[in-house]
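Hi,

Here is the structure I promised to pass on. Have a look at it first, and my notes on what turned up follow below.

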Amino acid sequence: MLKKRFFASFLLLILLLSLTLNVAAKTKISFWHNWSGEGVKAIDSIVNQFEKVYPDIDVEVILTTKIEQKLLVSIAGGAAPDVVLFDRYKTGQFAARGALTELDKFIENSSIKSEDFFNAAWGETIYRGKIYSIPYYVDNRALLYNKKLFEEAGLDPNDPPETWDELIEYSKKLTKYDDEGRITQVGFVPIWDWASLVHYIWQSGGTVFNDDMTKVVFNNEIGVNALQWIVDFIDMCGGVDELISFSSGFGAQINNPFYIGQVAMQSNGPWIYRDIERYAPGFLKNDLRIAPLPKNTEHATIAGGFSLIIPKGAPEPEAAWKFIQYLVQKESQIEWAFASGTIPALKAAAYSDQIMRDDFWEAFVKNMEYGKYRPVHPAFPEVESYIYQAVDKAVYHKMTSKEALDWAAERAQVILDQHNLKIINN
Amino acid sequence: MNKGQRRETIVFYLFISPWIIGFTVLTFGPMIVSFWYSLTEYNMLQPPLYVGLENYRRLFTDDPLFWKSLYNTFYYVIFSVPLSLATGVVLAILLNQKIKTMPLFRTIFYLPSIVPMVASAFLWIWIFNPRFGLLNKTLGLLGMPDNILWLSSEVWSKPALIIMSLWGVGGSMIIFLAGLQGIPEQLYEAARIDGATSGKQFRYITLPLLTPTIFFNLIMGLIGAFQTFAQVYVITNGEGGPLNSTLFYMLYLYRQAFEFFNMGYASAMAWILFVIIMTFTLIQLKFSGRWVFYQGDIKG
């Protein structure tokens, strides 16, 4: 009898225990990112470590593409994820629509400090005075050039072009034509490889908007001169049609025009490392050189990259915040960046020996010094699309540089005003 | 209505209910909602803000890209639709000959239209490549200019897309083929006895009796061509370049909706396109009596 009662109470105990365990069930958070390859492995490894440190939190990693559209739909449908690796440049657009959780309160009670991150990255997380994301990794653009072609052209590879004038000078010497006058090798093309007019405006000390982002100013004298410089440069190469024709012959992978010497200098970012390492290791080791982009009045480069955000309506913002903090620790930052081939947003991680492992990475980390970010304003993507159109119109000689920029500025001002009006009304 | 009739009515509605429900919930409902959105500022996250006809006013008076995209689309429609019809008819006539290997030829000519649009767009990017493309190489062999930039040229990008649209002519070709085979053989026999040449047979028998098929393909072709999207999206990387020369209406609508998140504005664009297509279809229907000839109309 006693035995039976003992057995029964033992069963009851087990039942109770399992119930309490269920009550203390794990918090589940979901994390979206759009990486592939080595980056995925690094993320999985960091998530495992995190789950060991926080056994009560379970992270579900979801790999997806077209994140912006999906995020929008998921928030609208009340099924938002908890943490998303998000294109930092879109922060303003999404914050303005109330899609992101303000992080100021979280940051106050944590050890995260703005000065630990690259300025250009942190600045881009702020929309109307509030912080909406934590930078995860950064990138920038530098002048990559081919040492061998420099030597062939009688140029000193240790003395890369420092100014716009020198860039033209060098490019002339590095451009070759065949007997029929068709390009066979080009020095530099200012509108290729992710370069936008915004770059050149910055390098001339100008801006896209005025300080309080109420007026479009990219069509001022600085902007017009920058665009005219681009137009003249392209005409010097033989015109936009000839460049298109030349580039239509470009190959990919091992036949990339830059690796095989069809293009001597280009503006590009650190993401090309993996490809060069894979398809042209000899070129990477012997002939690739990196310098800051030449200046008109100052050095400047777009600094992009991704941030971590908590969408509005995320089910577990507290756990999400713990996860974000873990992801931007120095060790996690180094592990991620080394594996994925990116630059950590945390300066201490970026300047570590492991990240500055060779000349390539050292150059790009140091180049962050010149990093600038695009205006954090919901109108900017649409405004930028008009800037691109203006450049097109000018290099095709449909309009003068001034006409093209005035045309774009008029449209951009309308768009900017509409957004600003909406912001005031909200 | 007696019992049997009522029963039949109920069964009828039951049978078509999947379509009725599907149409109401998935097509008609969203259409009404999108009309409401077209009168608002809406970004999917904040509640729509009623602005009246402001989106329409901006489209018509304040947006050069709207007119540009409309121009591009009309240019494409005006050339590609008749050209596709003509090509479809010619191919169908060729494939209606009585040759042993005909099933093989029919398959070959139909095949391109089942290749997914994205895949064939990539194929055509290669065909149009200025330096190594099949088209420029062929032109060169024929002694014609072989340095046309095609998709990268403001002038040639639309003609290139029109040429490319002929690639998908297989669908309408099959319908023409069916139309041709529906023409009674005895009409040709009678014509031959009367001494009609094959040209006259085509002009007075084939063409008139094919008009219902032509009419059908014309309307479907117009509706499809106005909504061209996938191939330009793939070819121009979603931008509609160079110089906006391939910024088609649907592409601009997509950019407004999913790149700039102006859902209200994009909804207004969708409704304008709806009205345009509707108008064209109604005009077609109105004038179809003048040239479309149905066999059932033969009297006495």
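Chain A splits into domain 1 (26–140 + 303–372) and domain 2 (142–302 + 379–425), with bounds that come from an automatic or database domain assignment. Before you read on: this is a predicted model, where local features need pLDDT of at least 70 and side-chain atom pairs count only at pLDDT 80 or more, while totals for chains, interfaces and linings use all residues. Residues are numbered from 1 along each chain as its sequence is written, chains are lettered from A and ligands numbered from 1 in the order in which they are written, and side-chain values use heavy atoms, with hydrogens and water left out.

The centres of the two domains, taken over C-alpha atoms, sit 29 Å apart. At the interface, 24 residues of domain 1 are in contact with 24 of domain 2 (heavy atoms within 4.5 Å). Together they bury about 2000 Å², 67% of it on carbon and sulfur atoms; that is the accessible area (1.4 Å probe) the two parts lose on being put together, summed over both. On the domain 1 side, A:F360, A:Y370 and A:K372 lose the most area to domain 2, together 32% of what that side buries.

As for elements, α15 (330–340), α17 (359–367) and β15 (371–372) of chain A each supply at least two residues to the domain 1 side that touches domain 2 (DSSP runs: helices H or I, at least four residues; strands E, at least two; numbered from the N terminus). α17(A) gives the most, with 5 residues.

Cheers
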